[in-house]
Amino acid sequence: MDSRTGRPEVLGVLGLLALSFLSLVHFLGPCQPVDGPSQSQGLHREAACLTQQDACRITLVESIPQDLWWSVADRSAQPLAQAWLQLLNMAQESVHVASFYWSLTGRDIGVNDSSSQLGETILQELQRLLDRNVSLAVATSASSLAPNSTDLQGLAARGAQVRQVPMRQLTGGVLHSKFWVVDGRHIYVGSANMDWRALTQVKELGVVIHNCSRLAQDLEKTFQTYWALGTARPELPKHWPHNFSTHINRLRPLRGRFGGLLTTAYFSASPPVLCPRGRTRDLDALLTELGHAREFIYVSVMEYFPTTRFRHPARYWPVLDTALRTAAVSRGVRVRLLVSCWLNTDPSMFPFLRSLQALSHPAAGISLDVKVYIVPVGNHSNIPFSRVNHSKFMVTERAAYVGTSNWSEDYFSSTSGVGLVLSQKANSSQPGVLTVQEQLRRLFERDWSSPYAVGLDPPTPSKDCVWRG
């Protein structure tokens, strides 16, 4: 008996993988690539399927903490809560959610604050899904940051299927992914967990893609890897069965018109043991776009450590750090790194940031700048683990990357995460339509130039950040 769901647990790993295959068959339509065609034939077929069946549309979504007047005045993306509610209202058959943890009500963490209302509304809408016979499946981490939350127990009592994935046992990490797949057709992916604070007290960034079954079905395969491991006796397969493999990756991205713009797109994943055949590793996706940049690289991430974070003693891991330095020094790329600071920041991060900043030498054509984004706590000090920029994205002149991982070794070697890489070509016949990379560039520059982004040598210390300059 599965103690988490109350359902009989009679299948081994192979049986669960077979069930996962049946789930995939349910979602995959006639346009799913098959074995045999050459690479060029496969790309042609993917684009043709996209034209015939899909009208993919990309929307950047964000949440801005209450009282950040500067950002609200220049909102560059759809509010996250609004986007989530729209997806739930659109759902007709199924909603699959992968999230690190759940905490959608104030009482989950013993807080009575009006800003929790949006999260509670989301929870109510999830309950209504089940009441109208829309299936809800949730994959979450076995270790939770909100152990007192009853959200999932309540949803399971109404018929939701919930599996906790013991990532620490399997890989030494956690399930840190944050994404939705709705009706095998619509997608959300981004930095926000299923937490009410992500809607009103934490700065988040994500992407919603509507009417894009090919991408949604591909992301569903990653969800199914979690689902297959959320059992009483989980085992990592030595080789994932063929039905988990993908034809969509950095070498063969999905191609088509999204909102009228020529677009390429693919999903990456981490850690490598959760990358079945064909899946691009998350680290490889980042390194590819860092290596291709020729004009600028803008990165916004909560934590930046060229080391391990959760192993003691820490191990040096300069992979991404070296890629940024190489871009700035060897190719003259303008690099900007926006890192968060809040009351829970590990101050040992700042020597690494100063080392990067020290390379900047405009007279020699080296532009590598670092700023720290500080969300004022204000009168919200009663809300723990809030008031921080939690976004995890990168944009270059070539591509936009929206992910779920911080930048340190563990997030790419042992902790589960996903990344979405998008590239669009401007259309001269649609002069008012911005590519997704241009939209994300403008959003980054808004944050970079805001009063909440400060240099590493601020004129005055901040009481809202553990670092004092």
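Is Asp-183 buried or exposed? Asp-183 is buried, with a relative accessible area of 17%; buried means under 20%, exposed over 50%, and partly exposed in between (1.4 Å probe, protein chains only).

## Basis

This is a predicted model: local features need pLDDT of at least 70, side-chain atom pairs count only at pLDDT 80 or more, and totals for chains, interfaces and linings use all residues. Residues are numbered from 1 along each chain as its sequence is written, and side-chain values use heavy atoms, with hydrogens and water left out.

## The sheet

An open sheet of 8 strands runs in the order S2-S1-S10-S8-S7-S3-S5-S6, with mixed pairing. Strands S2 (78–79) and S6 (161–165) are at the edges; each has a single partner strand, so one side of each is left without a neighbour in the sheet. Strands (E, at least two residues) and helices (H or I, at least four) are DSSP runs, numbered from the N terminus. Two strands pair if DSSP finds at least two bridges between them.

S1 (residues 57–63) and S2 run parallel, joined by 2 bridges. Glu-62 stands opposite Pro-79 in S2. Helix H14 (residues 436–448) packs on the sheet and touches S1 and strand S10 (204–210). Contact means heavy atoms within 4.5 Å. The direction of H14 makes about 15° with that of S1. Axes are lines fitted to C-alpha atoms, for helices over the stretch in contact, and angles run from 0 to 180 degrees between N-to-C directions.

## Helix H5

H5 (residues 117–131) has 15 residues, which at 1.5 Å a residue should span 21 Å; the end C-alpha atoms are 21 Å apart, which agrees. The expected span is 1.5 Å times one less than the number of residues. Buried in H5 are Gly-119, Ile-122, Leu-123, Glu-125, Leu-126, Leu-129 and Leu-130. They cover an arc of only 160° around the axis, which puts them on the same side of H5. The arc is that of the directions from the helix axis to the C-beta atoms. Gln-117 and Asp-131, on the other side, are exposed.

## Helix H11

In H11, the buried residues are Leu-320, Asp-321, Ala-323, Leu-324, Ala-327 and Ala-328. They fall within an arc of 165° seen down the axis, so they line one face of the helix. Their packing partners include helix H10 (282–292), strand S14 (296–301) and strand S15 (334–340).

Arg-325 also belongs to H11 (residues 319–330). Arg-325 counts as partly exposed, at 21% relative accessibility. Beyond residues up to four places away in sequence, Arg-325 touches Ser-330, Ser-355, Leu-356, Leu-359 and Leu-368.

## Nonpolar cores

The largest nonpolar core has 97 residues. Such a core is a set of buried Ala, Val, Leu, Ile, Met, Phe, Trp, Tyr and Cys residues joined through side-chain atoms within 4.5 Å. Ile-297, Tyr-304 and Trp-407 have the most contacts inside it. Helix H9 (residues 213–229) gives the largest share, 8 residues. Another core, of 32 residues, lies apart from it; among them are Leu-87, Val-95, Ile-122 and Val-134.

## Backbone features

Two peptide bonds are cis: Ser-270 to Pro-271, with omega near -5°, and His-312 to Pro-313, with omega near 0°. Pro-271 lies between strand S12 (261–270) and strand S13 (280–281). Pro-313 lies in the loop between S14 and H11.

Asp-183 has a positive phi of about 55° although it is not a glycine. Asp-183 sits in the loop between strand S7 (179–182) and strand S8 (186–190). Asn-211, not a glycine either, has a positive phi of about 55°. Asn-211 lies in the loop between S10 and H9.
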